Amino acid sequence: ILLNHVVPDKMLWTFDITETPTEFTTLYGMKLNIKKEGKIFVIDDNDSEIVSLTDNVFSNGVVQFLDNLLLPPDLKFDMEMLLEGLEFSTTLSALKTAGLDKIIKDQTEAHTI
């Protein structure tokens, strides 16, 4: 997932992004078409990302903080395994007790827990 958030060999400033889509390739190899609509950055015409902190300069590049993750379309993960691995067993138990265990197994919809 982290490799989807790195555009190699490019200092990508927010003023580089215009209303015309520009294609970038991440270290993961995912192609992103990014355009700007006000303060919103539209990625591949289906995801809008708000850049909450812009143009943060570090020793090895520029960091743009997004309000969401850029996930590869082929990514499948097990939410239950993730919660267990992060030691959120109480949260996992509460979800199961509330009958929400279907949500953590659903990979067709996005959920925020």
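Where is Asp9 found? Asp9 sits in the segment before β1. Quick reminder before I go on: what we have here is a predicted model.

Buried or exposed, then, at 83% relative accessibility? Asp9 counts as exposed, because the cut-off for that word is over 50%.

There's another residue with a positive phi, and that's Asp55, near 50°, again in a residue other than glycine. Asp55 lies in strand β4, residues 47–58. With a relative accessibility of 22%, Asp55 counts as partly exposed.

Now, Asp55 brings me to Thr14, as Asp55 is one of the residues in contact with Thr14. Thr14 lies in the segment before β1, which covers 22–25. At 12% relative accessibility, Thr14 counts as buried, since the limit is under 20%.

Next, the aromatics. How many aromatic pairs does the count come to? The count comes to one. In that pair, the ring centres of Trp13 and Phe15 are 6.0 Å apart and the planes are at 5°, so the pair is stacked. Trp13 is partly exposed, at 23% relative accessible area, while Phe15, at 59%, counts as exposed.

Let's go inside. The largest nonpolar core has ten residues in all: Leu12, Ile17, Phe24, Met30, Leu32, Ile34, Phe41, Ile43, Val51 and Leu70. Both β2 and β3 supply at least two residues of this core.

Last stop, the second largest pocket. Its volume is about 720 Å³. It has 26 lining residues, and the closest to its centre are His5, Val6, Val62, Val63 and Gln64. Which strands each supply at least two residues of that lining? Those are β2 (31–37), β3 (40–43) and β5 (61–66). The largest share, six residues, comes from β5. By type, the lining divides into 17 nonpolar residues, eight polar and one charged.

So, to tie a couple of things together: β2 and β3 contribute to the core, and they also contribute to the lining of this pocket.

Definitions and conventions: Residues are numbered from 1 along each chain as its sequence is written. This is a predicted model: local features need pLDDT of at least 70, side-chain atom pairs count only at pLDDT 80 or more; totals for chains, interfaces and linings use all residues. Side-chain values use heavy atoms; hydrogens and water are left out. On a 1 Å grid over the protein atoms alone, a cavity is a set of points where a 1.4 Å probe fits but cannot get out, and a pocket is an open set with protein on both sides within 12 Å along at least five of seven lines; lining residues have an atom within 4 Å of a point. Grid points are joined across faces, edges and corners, and a volume is the space filled by probe spheres set on the points. Helices (H or I, at least four residues) and strands (E, at least two) are DSSP runs, numbered from the N terminus. Ala, Val, Leu, Ile, Met, Phe, Trp, Tyr, Cys and Pro count as nonpolar, Asp, Glu, Lys and Arg as charged, and the others, Gly among them, as polar. Rings of Phe, Tyr and Trp (its six-membered ring) pair if their centres lie within 6.5 Å; planes under 30 degrees apart count as stacked, over 60 as edge-to-face and the rest as tilted. Buried means under 20% relative accessible area, exposed over 50%, partly exposed in between (1.4 Å probe, protein chains only). Contact means heavy atoms within 4.5 Å. A nonpolar core is a set of buried Ala, Val, Leu, Ile, Met, Phe, Trp, Tyr and Cys residues joined through side-chain atoms within 4.5 Å. Lists of a residue's contacts leave out its neighbours within four places in sequence.
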